[in-house]
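Subject: A structure for you to look at

Hello! I am passing on a structure that I have been looking through, and my notes follow below it. Please open it in your viewer and read along.

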Amino acid sequence: MRRAEQISAVVLLVFSVLLGREALHLNYWASPQVPGPGFLPFWVAAGLMVGAVGVLVAGRRNPEGDVAWFANREARARLLLLALLTTLLVFAVWPLGMLLAIGLYLLIFLMIFMPGRWAIIVSVAVVTPLAVHLIFERWLVVPLPNGFFGF
């Protein structure tokens, strides 16, 4: 197993356990048939835990030699670009609104990292904000930040 995978899986496992522990302090149900504030964090933590354990188990079954985390300059540049785009997303939420900011983030991100696959890029950039709207504003009745366009 590569050292980077081991470290990443352990860090992910630790954070998912911490998230799960905090989620258990919140109400799982707000009322019958309505998820509470602890519902989503609990399942996100559970999914992260399963993923982290899966990476550790897969690495044990198929060990490989050690390689550097950032094997080349291109990998470092892509990571920095991803960090920059994510930071811009955070600052874009209040003026643009959550849904538009997420859609633009995905559109730009996918245009850079999946060039030429326009059907997938546009589909993901449109469907994801719609899914977020349906899940949070309609199903969970959690208002999302609105921008100057009103959504």
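Which residues in α1 meet which residues in α2? Before the answer, two notes on the source. This is a predicted model, in which local features need pLDDT of at least 70 and side-chain atom pairs count only at pLDDT 80 or more, while totals for chains, interfaces and linings use all residues. Residues are numbered from 1 along each chain as its sequence is written, and side-chain values use heavy atoms, with hydrogens and water left out.

**α1 and α2**

On the α1 side the residues are E5, Q6, A9, V10, L12, L13, S16, V17, L19, G20 and A23, and they meet P41, F42, V44, A45, L48, M49, A52, V53, V55 and L56 in α2. Contact here means heavy atoms within 4.5 Å. Helices (H or I, at least four residues) and strands (E, at least two) are DSSP runs, numbered from the N terminus.

These two helices pack at an angle of about 155°, and their axes are 8 Å apart. α1 is therefore roughly antiparallel to α2. Axes are lines fitted to C-alpha atoms, for helices over the stretch in contact, and angles run from 0 to 180 degrees between N-to-C directions. Angles under 35 degrees count as roughly parallel, over 145 as roughly antiparallel, 65 to 115 as roughly perpendicular and the rest as oblique.

α1 and α2 cross in a left-handed way. A crossing is left-handed if the near helix is turned anticlockwise from the far one by less than a right angle, and right-handed if clockwise. The residues of this contact divide into 17 nonpolar, three polar and one charged. Ala, Val, Leu, Ile, Met, Phe, Trp, Tyr, Cys and Pro count as nonpolar, Asp, Glu, Lys and Arg as charged, and the others, Gly among them, as polar.

S16 counts as buried because its relative accessibility is 0%. Buried means under 20% relative accessible area, exposed over 50%, and partly exposed in between (1.4 Å probe, protein chains only). Leaving aside residues up to four places away in sequence, S16 touches A45, L48 and M49.

Helix α2 itself covers residues 39-61, and its 23 residues reach 33 Å from the first C-alpha to the last, close to the 33 Å expected at 1.5 Å a residue. That expected span is 1.5 Å times one less than the number of residues. Its buried residues are F39, A45, A52 and G59. Among the elements that cover them are α1 (3-23), β2 (34-35) and α5 (118-139).

Next, look at helix α3 (residues 73-96) and α4, whose axes come within 8 Å and cross at roughly 160°. They are therefore roughly antiparallel to each other, and their crossing is right-handed.

Helix α4 (residues 98-113) also packs with α5, at an angle of about 160° and with the axes 9 Å apart. α4 passes α5 in a right-handed crossing. The contact includes L99, I102 and G103 of α4 and W118, I121 and V124 of α5. Its residues divide into 12 nonpolar, three polar and no charged.

Happy exploring!
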